[in-house]
Amino acid sequence: MFATASLQSSYPISYESMMQDLHCTEFQATLGLGLYAIGFGVFPLVSSSFSEEFGRRPVYIFSSVLFLLAEVMNALAPNIQTVVVSRALQGAFGAIGVCMVAGSAADIWQPHERGVPISLLAFTSIFSTGLGSVFGGLIASNPHLGWRWVQWVHVMFVPKEITVLVVSPDIISRRYPSPYREERQEDDRRH
């Protein structure tokens with residue numbers, strides 16, 4: 001969640017160096033910001049049932065790895081078209097994990113215990129948005145660095161989040177009975 005929020009806010013700060021490096025217009029650079037938001041808003045409509053079907057932990061890991069690969073794609077982009085596509089993918093894969101956080105909190109804590117954890121999750125999201133702007137601005141303002149370094153710094157943080165997901169206790173991988181899964185199992189038994 002930290003990487004997703006900070007990435008959203010650090011991207012537009014590096015427009016100037018991106019436009020110089022990729023010889024693109026500000027409108028083209030802005031498409032990456034807009035498509036990130038569209039991917040972030042639309043993809044969970046399709047993917048929201050995955051965590052109920054396969055468990056939260058595998059979906060967290062899968063989406064985080066794809067988010068990381070899209071981030072690497074962005075950092076290595078040879079042209080603005082690749083940046084725009086990678087940003088749409090980042091939004092889509094980043095949204096999966098962010099949308100499941102509240103459900104994971106509900107799985108772990110009882111309703112009367114959720115106040116502090118949900119508050120910390122909200123704080124982390126808002127704080128990392130601001131932190132992404134600060135660090136993105138510091139990196140982009142250095143003439144020897146540029147927009148690619150903003151992306152590479154994010155690439156450095158995402159594996160740490162994936163490592164935490166892989167080695168953490170298995171408290172977020174609960175699988176709940178799904179009416180769809182039960183129907184499918186009954187159909188398989190009949191055939």
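**Reading helix contacts and rings**

Me: Which residues of H3 meet which residues of H6?

Reply: On the H3 side you'll find Gln28, Ala29, Leu31, Gly32, Leu33, Leu35, Tyr36, Gly39, Phe40, Phe43, Pro44 and Ser47; they meet Ile80, Val84, Arg87, Ala88, Gln90, Gly91, Ala92, Gly94, Ala95, Ile96, Val98 and Cys99 in H6. Sorted by class, this contact has 16 nonpolar, seven polar and one charged residues. Keep in mind that you're looking at a predicted model.

Me: At what angle do H3 and H6 pack?

Reply: Here's the general idea: two packed helices are described by the angle between their axes and by how far apart those axes are. For H3 (residues 26–47) and H6 (residues 80–108), the angle is about 35 degrees and the axes lie 7 Å apart. Their crossing is right-handed.

Me: And how do H5 and H8 pack?

Reply: Read them by angle and axis distance again. H5 (residues 56–75) packs with H8 at about 165 degrees, the axes being 9 Å apart. The two helices are therefore roughly antiparallel. Is the crossing left-handed or right-handed? Left-handed, for H5 and H8. Residues making the contact include Tyr60, Ile61 and Phe67 of H5, along with Trp152, Val155 and Ile162 of H8. By class, the contact of H5 with H8 divides into 16 nonpolar, four polar and three charged residues.

Me: What is the angle between H7 and H8?

Reply: About 135 degrees, with 8 Å between the axes of H7 (residues 115–141) and H8 (residues 147–167). That angle makes H7 oblique to H8. H7 passes H8 in a right-handed crossing. Gly136, Ile139 and Ala140 of H7 meet Trp149, Val150 and Val153 of H8. In this contact of H7 with H8, five residues are nonpolar, one is polar and none is charged.

Me: How many aromatic pairs does the structure hold?

Reply: Five. In general, you describe such a pair by the distance between the ring centres and the angle between the planes. Take Phe123 and Phe127: their ring centres are 5.4 Å apart and their planes are at 15 degrees, so this pair is stacked. Phe123 and Phe127 are four residues apart in H7, which means about one helical turn separates them.

Me: Where does pLDDT stay under 50?

Reply: Over residues 173–178, for which the model has 15 contacts beyond four places in sequence. For the protein chain, the average pLDDT is 81, and 84% of the residues score at least 70.

Methods:
Residues are numbered from 1 along each chain as its sequence is written. This is a predicted model: local features need pLDDT of at least 70, side-chain atom pairs count only at pLDDT 80 or more; totals for chains, interfaces and linings use all residues. Side-chain values use heavy atoms; hydrogens and water are left out. Axes are lines fitted to C-alpha atoms, for helices over the stretch in contact, and angles run from 0 to 180 degrees between N-to-C directions. Angles under 35 degrees count as roughly parallel, over 145 as roughly antiparallel, 65 to 115 as roughly perpendicular and the rest as oblique. A crossing is left-handed if the near helix is turned anticlockwise from the far one by less than a right angle, and right-handed if clockwise. Contact means heavy atoms within 4.5 Å. Ala, Val, Leu, Ile, Met, Phe, Trp, Tyr, Cys and Pro count as nonpolar, Asp, Glu, Lys and Arg as charged, and the others, Gly among them, as polar. pLDDT is the predictor's confidence in each residue, from 0 to 100. Rings of Phe, Tyr and Trp (its six-membered ring) pair if their centres lie within 6.5 Å; planes under 30 degrees apart count as stacked, over 60 as edge-to-face and the rest as tilted.
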